[in-house]
Amino acid sequence: MRVALGVEYNGARYSGWQRQSHVNSVQQEVETALSRICNHPVEIICAGRTDAGVHGTGQVIHFNTDADRDMVAFTLGMNTLLPKDIAIRFAKPVNDDFHARFSATARRYRYIIYNNPLRGAVLNEGVTHYHHALDETKMQEACQYLIGKHDFTSFRAIHCQANTAIRTIHHLSVERQGSYVIIDIKANAFLHHMVRNITGCLTDIGIHKQEPIWLKELLDLKERAKASATAKAAGLYLVDVDYPVEFEIPSTPLGPLFLPEAHG
């Protein structure tokens, strides 16, 4: 049978999602636990491969198994075997035509900035600290220029291997909750470092280094070198993946879960 799992993880001590030789990855930990549950080697496919240090509250994976197991084996059983910084949020049998990556119609990320003159300690791995005051109103004003279908060459990593830089952003907003500034972005797909590069530019607008219209100018330039530095990985979360309704993939509260009102 084919099974879909929802996965939550703190990416701070992992070299990204993807399995690699000689370094630890989230995929390796999940596959190791699944292989024990199924009693045979298991290979998983994910909705989105996150980079080193990036977190996930809404990652979705699928795998195939011949083992006859109740879904509780893939939730409670997996959570017993997994490290404390990785957890399964749901398990559901799916049809063979479901594919965690190719069936996805959109992905949603949130970037969390702890905007305070002094750094924190308890959540230091889950947020990016920025000590200069950020003007979230100006940042929100800039967001309008990126919504829609555009060529995002100015916001892709130089070594990005995507065949095209054309992407469609469905939603992009900036809001403040106390000392936290939350950048929320949803698109049909993302280029390598696209969210972190957009965040870097929005941050420069937030400190009044640039005006909001600058984002439109960057889109038109199509030059990565003209944009801001890439934001750090620590504040980035993959929080949701959209699928066609016929697959009946469970919905889970949006993260990160330590934020008040972060479930909408």
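1. A disulfide here is a pair of cysteine sulfur atoms within 2.5 Å, and by that rule the count comes to zero. Take Cys 160: its sulfur is 15 Å from the closest cysteine sulfur, in Cys 201, which is too far for a bond. Cys 201 is in no disulfide either, with the sulfur of Cys 143, its nearest, 12 Å away.

2. Some housekeeping before going on. This is a predicted model, where local features need pLDDT of at least 70 and side-chain atom pairs count only at pLDDT 80 or more, while totals for chains, interfaces and linings use all residues. Residues are numbered from 1 along each chain as its sequence is written, and side-chain values use heavy atoms, leaving out hydrogens and water.

3. Back to the cysteines: are they buried or exposed? Buried means under 20% relative accessible area, exposed over 50%, and partly exposed in between (1.4 Å probe, protein chains only). Cys 160 is buried at 14%, and Cys 201 is buried at 0%.

4. Helix H4 covers residues 194–206; helices (H or I, at least four residues) and strands (E, at least two) are DSSP runs, numbered from the N terminus. H4 reaches 18 Å from its first C-alpha to its last, close to the 18 Å expected at 1.5 Å a residue (the expected span is 1.5 Å times one less than the number of residues). Of its 13 residues, 13 are buried. His 208 follows H4 and has a positive phi, near 65 degrees.

5. Ala 162 sits in the loop between strand S7 (148–151) and strand S8 (166–177). Ala 162 is partly exposed, with a relative accessible area of 25%. Leaving aside residues up to four places away in sequence, Ala 162 touches Arg 156, Arg 167 and Leu 191, where contact means heavy atoms within 4.5 Å.

6. On the overall layout, the protein is divided into domain 1 (2–103) and domain 2 (107–237), with bounds from an automatic or database domain assignment. Their C-alpha centres lie 28 Å apart, and the contact takes 11 residues from domain 1 and 11 residues from domain 2.

7. How much area is buried between domain 1 and domain 2? About 810 Å², of which carbon and sulfur atoms give 51%; buried area is the accessible area (1.4 Å probe) that two parts lose on being put together, summed over both. In domain 1, Asp 51, Val 54 and His 55 lose the most area to domain 2, together 53% of what that side buries.
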